[in-house]
Amino acid sequence: MPSTAYGQDEAAPAQTEEVTPGPEAAPPAEEAPAFATYDDFMASPEAAMFTVNNLWILLSAALVFIMHLGFCSVESGMCQKKNTVNILFKNVFIVCIGALGYMAWGFNAMYPGWEAGVSKDFFAMGSPLMNGFGGDEAVRVANVTSAYAGANYTIWADFIFQAMFAATAATIVSGAVAERVKLTSFMIYAAILVTFLYPITGSWKWGYGWLNTMGFMDFAGSTLVHAFGGFASLAAILVLGPRNGKFTKEGTKPILPHNLPLANIGVFMLFLGWFGFNGGSVLSANPESVSRVFVTTAMSGFSGGIAAIFASWILLKKPDLSMALNGILAGLVGITAGADVISPWASVLVGLISGALVVCSVLFFDKIRIDDPVGAVSVHGICGVFGTLAVAIFGTGKLMPQLVGTLSISAFAFITSFALFYIIKIVMGVRVSPQEEQEGLDIAEHGSPAYSDGH
Amino acid sequence: MPSTAYGQDEAAPAQTEEVTPGPEAAPPAEEAPAFATYDDFMASPEAAMFTVNNLWILLSAALVFIMHLGFCSVESGMCQKKNTVNILFKNVFIVCIGALGYMAWGFNAMYPGWEAGVSKDFFAMGSPLMNGFGGDEAVRVANVTSAYAGANYTIWADFIFQAMFAATAATIVSGAVAERVKLTSFMIYAAILVTFLYPITGSWKWGYGWLNTMGFMDFAGSTLVHAFGGFASLAAILVLGPRNGKFTKEGTKPILPHNLPLANIGVFMLFLGWFGFNGGSVLSANPESVSRVFVTTAMSGFSGGIAAIFASWILLKKPDLSMALNGILAGLVGITAGADVISPWASVLVGLISGALVVCSVLFFDKIRIDDPVGAVSVHGICGVFGTLAVAIFGTGKLMPQLVGTLSISAFAFITSFALFYIIKIVMGVRVSPQEEQEGLDIAEHGSPAYSDGH
Amino acid sequence: MPSTAYGQDEAAPAQTEEVTPGPEAAPPAEEAPAFATYDDFMASPEAAMFTVNNLWILLSAALVFIMHLGFCSVESGMCQKKNTVNILFKNVFIVCIGALGYMAWGFNAMYPGWEAGVSKDFFAMGSPLMNGFGGDEAVRVANVTSAYAGANYTIWADFIFQAMFAATAATIVSGAVAERVKLTSFMIYAAILVTFLYPITGSWKWGYGWLNTMGFMDFAGSTLVHAFGGFASLAAILVLGPRNGKFTKEGTKPILPHNLPLANIGVFMLFLGWFGFNGGSVLSANPESVSRVFVTTAMSGFSGGIAAIFASWILLKKPDLSMALNGILAGLVGITAGADVISPWASVLVGLISGALVVCSVLFFDKIRIDDPVGAVSVHGICGVFGTLAVAIFGTGKLMPQLVGTLSISAFAFITSFALFYIIKIVMGVRVSPQEEQEGLDIAEHGSPAYSDGH
């Protein structure tokens with residue numbers, strides 16, 4: 001499919017068959033554009049469908065944006081009061097720098113087809129996205145009728161949607177290293193991760209690289225976004241070490257979340273945003289495809305919550321809200337790779353398995369003394385891998401490409417994250433002092449508490 | 001209208017005349033489908049309108065989803081700190097189990113027309129929703145062009161929208177029984193309520209049952225959702241009894257809300273979601289209908305806030321934020337039955353009356369020693385009944401069907417809720433021990449506080 | 001453009017050239033309406049495009065609505081715990097009364113074209129918006145095909161979108177006068193501001209008044225909404241005076257925000273809503289225009305955050321979360337006047353400048369002992385003026401009309417706000433007693449704390 005040049009009028013049906021959250025890059029069609037001006041296009045019968053498709057991509061960008069509030073709130077709510085400002089600051093920084101880095105480099109590195117035809121290489125150079133607006137009518141028409149986009153959305157709608165995605169990977173790491181990471185070190189790490197590393201593996205599939213050629217399927221990023229972030233997190237945790245006092249000779253000490261209503265707001269915001277994350281990855285408002293994706297996404301999230309509630313109740317003897325919330329996220333991560341090809345009832349199974357898996361995984365990592373304050377490795381890493389394999393088990397994927405894809409990208413994320421964070425550790429350190437950790441990063445790094453009782 | 005078989009091309013005008021938030025179930029049309037394949041349909045001139053209509057139903061589902069965050073936040077914010085985790089856990093469980101139960105039984109029980117033509121019976125059996133995706137072209141075409149949907153949305157878009165509605169009724173009860181109900185008992189009660197009881201009365205109107213035949217009008221559920229939840233709440237409160245210490249010999253003791261910014265977030269989320277709750281109940285993106293519903297819904301909510309502010313200021317001598325917030329919700333509940341037929345200025349009147357009504361109702365229930373921690377009976381029950389009657393007073397409804405409809409459904413909700421909760425009380429108890437109530441359910445039931453100051 | 005009568009079929013291209021967030025008021029077209037009934041229109045090929053355009057205006061209204069939760073949360077989170085209920089109450093009141101006042105007077109004052117052709121006068125009388133629904137087919141058709149709207153949305157979609165805008169100006173003042181203003185005085189002030197004063201300057205541009213004739217450009221309200229609110233704030237602060245204890249002989253005492261996660265939620269809600277605030281101001285779903293506005297809006301917001309982070313780090317020696325959040329808002333305010341004509345990379349510049357500007361401005365006002373608890377004058381006033389000038393610097397505006405426009409509206413807001421608040425001060429006082437200020441307004445005015453630890 002990617003190597004087939006198809007005309008604009010065939011684009012919509014093509015989208016129905018196979019949808020991927022990257023532009024349908026294709027060699028430029030030979031024929032002259034059918035419309036002389038943008039206004040001609042907007043007066044044509046195709047304009048209404050294009051307009052609704054484009055609007056849905058933009059709305060999806062807004063929905064994915066609000067996931068960043070979700071990450072802010074769930075990560076800070078799950079951590080200790082004294083580190084709240086620090087977590088919020090990191091996440092606010094990541095979404096800002098992530099979008100800027102993606103505009104300056106990442107987008108063109110991830111989708112090399114924009115610039116020079118389709119790349120199947122391992123690595124494409126990025127560059128600032130310079131496509132313009134208005135003025136020249138040929139540019140305006142190209143923005144809406146060029147073959148690459150299947151005529152479903154403008155290039156800038158695509159950019160803003162993908163930019164909101166990009167910062168997600170680094171935000172996942174933010175939770176894993178919370179409560180002991182040095183701020184400036186993390187800021188440098190996160191900026192490099194989102195700008196340079198994430199687009200490389202992203203291009204392997206969505207930029208029509210070698211994994212796409214192999215038949216690897218990852219609809220909206222169980223592997224490309226979540227497993228990437230999860231295994232980058234695992235590497236960062238190994239370089240960083242656990243929080244002081246978490247693992248003692250007497251055993252593992254639970255560190256309580258400081259604000260569960262805040263974490264709850266975070267999970268609901270993430271769920272809401274996932275309708276855009278997965279639904280927008282249809283890359284059009286195609287009724288059959290988007291309806292299916294809404295149903296599979298939501299039902300897997302709900303099922304994940306139910307499975308985690310009962311799994312944790314059995315294993316921990318208590319109905320645990322944190323586990324219920326992580327179970328919902330696990331179900332959402334698990335369905336993300338196959339939301340377009342898995343049936344509604346199979347999505348319930350994917351959610352149930354993901355929800356049970358995340359509970360076991362969180363307990364396992366605690367057991368082997370890997371300190372992940374918000375369960376990022378379990379939710380995004382483990383369930384991301386499972387979700388990618390689920391496309392073969394419950395959907396139309398083949399097992400081997402799914403295995404190769406999820407393992408190669410997870411390994412790339414782990415290795416590059418480890419190397420990068422280790423270099424930063426040598427150069428400038430990655431961890432605050434024990435005194436600062438004890439005092440809390442809000443006062444130590446920011447000189448400001450998150451909550452104040454006033455005077 | 002329901003008994004008329006109409007073709008796809010007549011569907012949109014038909015929706016304009018009479019909109020109901022249930023599928024326009026109708027005996028299958030005789031003629032062969034006009035499109036051989038789904039792609040043929042998507043290439044037709046009808047496709048753009050179908051796509052925007054379907055997208056609006058899906059967006060409405062996402063908006064109604066976020067109402068569950070609203071319920072979580074307003075109910076936990078209005079209650080005591082020590083019961084916060086418990087309320088959040090209950091509401092997370094309800095939305096998860098509610099959607100699963102609705103998929104496994106409720107949807108087909110509420111809309112029997114999907115399966116075997118239109119039922120006008122009192123009660124229809126449910127069954128798992130098995131409609132598929134893709135594959136067979138006849139199924140794909142049927143999903144978008146069958147008469148039942150008036151060709152406005154796919155069956156799965158309808159399902160996910162209705163599923164988000166369904167859990168609402170049980171969530172309303174959650175607030176009413178807060179701070180003293182036994183968790184497992186409530187979980188069983190809520191799962192049965194949402195899966196089996198709510199679809200029965202739902203089918204009386206939206207499944208083309210006897211109330212619909214009678215001419216009962218309830219656009220988006222002042223009665224079917226809100227009065228149902230409100231009177232189910234009243235029954236549960238009567239079985240459960242008031243919180244210890246609320247009503248003493250010395251009089252009624254106010255129990256302060258623990259987090260008003262959280263409750264405020266909850267009310268705004270509910271208001272936002274109501275644009276989908278009412279707006280999506282148009283069942284299309286018809287510009288005239290959806291515009292009207294947005295205006296009447298918002299203006300009634302705003303008016304409800306103003307009326308409650310001044311009513312409570314006069315009666316309580318203080319400008320009361322909780323009452324202002326409940327007044328907004330009251331206005332939203334009040335307009336829900338007639339948002340499609342009431343004029344903008346009449347919607348202001350509906351809101352003003354609802355806002356004043358809820359203040360009086362809350363004070364009345366306190367007076368007669370019915371302990372409803374969040375005012376659920378007043379907001380959803382009393383204003384739900386008023387809103388249903390308002391369709392006759394300010395809109396195009398007739399008084400008698402409105403009276404019969406709201407009383408019969410409220411009575412059904414009250415009686416079945418009472419019976420169910422009473423049976424659970426006998427079998428396993430519905431109330432925590434006085435010690436647990438004193439300690440707070442977060443520690444007693446979940447072993448976890450909502451807020452922690454850390455180490 | 002405003003004085004050109006154009007037919008319905010030319011409307012969409014016209015919108016592409018020049019978009020303003022007010023109805024494209026124009027003398028009624030001479031020809032008879034092309035459609036005899038609303039259903040005829042809905043069956044026409046134009047209906048799908050009209051439906052998606054109208055839906056986007058309604059969705060934008062919902063997005064702007066949620067900005068009021070943003071204001072509630074950011075203002076209360078940035079202030080002291082003891083004044084939380086008071087801030088929430090004020091903001092809830094403003095959005096309610098603002099929408100009612102806009103329906104009863106403001107909309108027709110701001111858009112006199114609705115009633116009697118285009119006004120170019122300084123001041124137009126308002127009146128209740130009485131346009132109806134349904135019934136008469138001529139009215140129904142006029143609602144969708146009349147020239148004024150460019151056939152992009154119904155009059156009621158326009159009203160609800162503009163009504164959500166209107167309350168914003170007064171909400172900005174709410175933060176500036178927080179923690180010491182007398183509740184009833186502020187309620188009267190805010191109701192007059194939003195109902196009578198805001199529509200006057202609004203009509204100068206969006207109602208096709210004298211500033212529009214002069215060529216003044218303000219796409220979505222850097223001046224009409226934000227600078228208006230910012231300079232109204234400055235006047236109110238001057239009448240009111242600083243909080244007790246803020247400026248002492250020993251110097252300026254920082255008063256800590258009481259809940260930064262709440263403020264963070266507020267800023268993300270404002271950002272989310274801005275997609276509707278700016279995106280909806282396109283007044284259609286035109287793909288090129290809305291895509292551009294999404295990109296410029298988001299990138300300026302992100303850049304504002306980055307600039308404020310580094311500017312405050314340099315000046316204050318600490319990575320400051322409050323400044324990062326205000327930087328994001330500054331970037332959003334800054335791009336609002338030119339989001340439709342500024343290029344993506346220039347929007348990054350606008351954001352960077354706005355973010356640095358807001359940090360300097362906040363420090364400056366502290367220096368000159370003007371006490372603005374949430375930085376409203378800096379964020380909305382200063383960056384609103386800068387953003388208006390940026391249309392000339394980075395976009396297609398001319399400097400002189402931009403200067404005249406932003407100065408005349410800022411001056412009008414300052415002078416009328418000062419006069420109004422001063423009169424209220426003389427008549428009934430505008431400030432609580434020192435004892436009440438010390439105790440906190442929640443207990444003193446409302447008799448209710450925002451947070452309670454329970455019993």
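## Chain A: burial and fold

Of the 455 residues of chain A, 71% count as buried, where buried means under 20% relative accessible area, exposed means over 50%, and partly exposed covers what lies in between (1.4 Å probe, protein chains only). The model is predicted, so that local features need pLDDT of at least 70 and side-chain atom pairs count only at pLDDT 80 or more, while totals for chains, interfaces and linings use all residues; side-chain values use heavy atoms, with hydrogens and water left out. Residues are numbered from 1 along each chain as its sequence is written, and chains are lettered from A and ligands numbered from 1 in the order in which they are written.

Chain A has 18 helices and two strands, these being DSSP runs numbered from the N terminus (helices H or I with at least four residues, strands E with at least two). Among the contacts in chain A with a separation of 6 or more, 80% join residues 24 or more positions apart, a contact meaning heavy atoms within 4.5 Å. The accessible surface of chain A comes to about 12700 Å², and carbon and sulfur atoms hold 66% of this area, as computed by the Shrake-Rupley method with a 1.4 Å probe, with only the protein chains shown counting as cover for residues.

Gly355(A) lies in helix α14 (residues 344-367) of chain A and counts as buried, its relative accessibility being 0%. Leaving aside residues up to four places away in sequence, Gly355(A) touches Gly304(A), Ala307(A), Ala308(A), Gly327(A) and Ala330(A). The C-alpha atom of Gly355(A) is separated by 7.2 Å from that of Ser303(A), a residue 52 positions away along the chain.

## Salt bridges within chains

Over all chains the structure holds 21 salt bridges, each defined as a side-chain nitrogen of Lys or Arg within 4 Å of a carboxyl oxygen of Asp or Glu. In one of them, the side chains of Asp371(A) and Arg243(A) meet at 2.8 Å, N to O. Asp371(A) lies in the loop between α14 and α15 (376-394) of chain A, and Arg243(A) in the loop between α10 (222-240) and β1 (247-248), so the pair ties together parts that are 128 residues apart in sequence. Both partners are buried, Asp371(A) with a relative accessible area of 1% and Arg243(A) with one of 6%.

Glu437(A) and Arg431(A) form a salt bridge at 2.9 Å, N to O; Glu437(A) is buried at 7% relative accessibility, whereas Arg431(A) is partly exposed at 25%. In chain C, Arg431(C) and Glu437(C) also form a salt bridge, with the closest N and O atoms 2.9 Å apart. There Arg431(C) counts as partly exposed at 24% relative accessibility, and Glu437(C) is buried at 7%.

## Interfaces between chains

The size of an interface is often given as the accessible area lost when the parts come together. For chain A and chain C, this buried area is about 5100 Å², with 79% of it on carbon and sulfur atoms, the loss (1.4 Å probe) being summed over both parts. The contact takes 63 residues from chain A and 55 residues from chain C. Two salt bridges are counted between these chains, and Asp453(A) forms a salt bridge with Lys81(C) in which the closest N and O atoms are 2.8 Å apart. Glu137(A), Arg140(A) and Glu288(C) are linked in a network of salt bridges.

Between chain B and chain A, about 5100 Å² is buried, of which carbon and sulfur atoms give 79%, and 63 residues of chain B are in contact with 55 residues of chain A. The salt-bridge count for chain B and chain A is two, and the side chains of Asp453(B) and Lys81(A) meet in a salt bridge at 2.8 Å, N to O.

## A kinked helix and a surface patch

In chain C, helix α15 (residues 376-394) has a kink of about 30° centred on Gly384(C), the bend being the angle between axes fitted to the seven residues ending at a residue and the seven starting there. This helix, α15(C), is mostly covered, with 16 of its 19 residues buried.

On the surface of chain B, Ile188(B), Leu238(B), Phe418(B), Tyr422(B), Ile423(B), Ile426(B), Val427(B) and Met428(B) form a nonpolar patch with about 740 Å² of accessible area together. Patches are made of residues with over 30% relative accessible area and no salt bridge, nonpolar side chains (Val, Leu, Ile, Met, Phe, Trp, Tyr) being joined within 5 Å and like charges within 9 Å. Helix α16 (residues 399-428) of chain B gives the largest share of the nonpolar patch, six residues. Tyr422(B) lies in this helix, α16 of chain B, and is partly exposed, with a relative accessible area of 40%.

Note on methods:
Buried area is the accessible area (1.4 Å probe) that two parts lose on being put together, summed over both.
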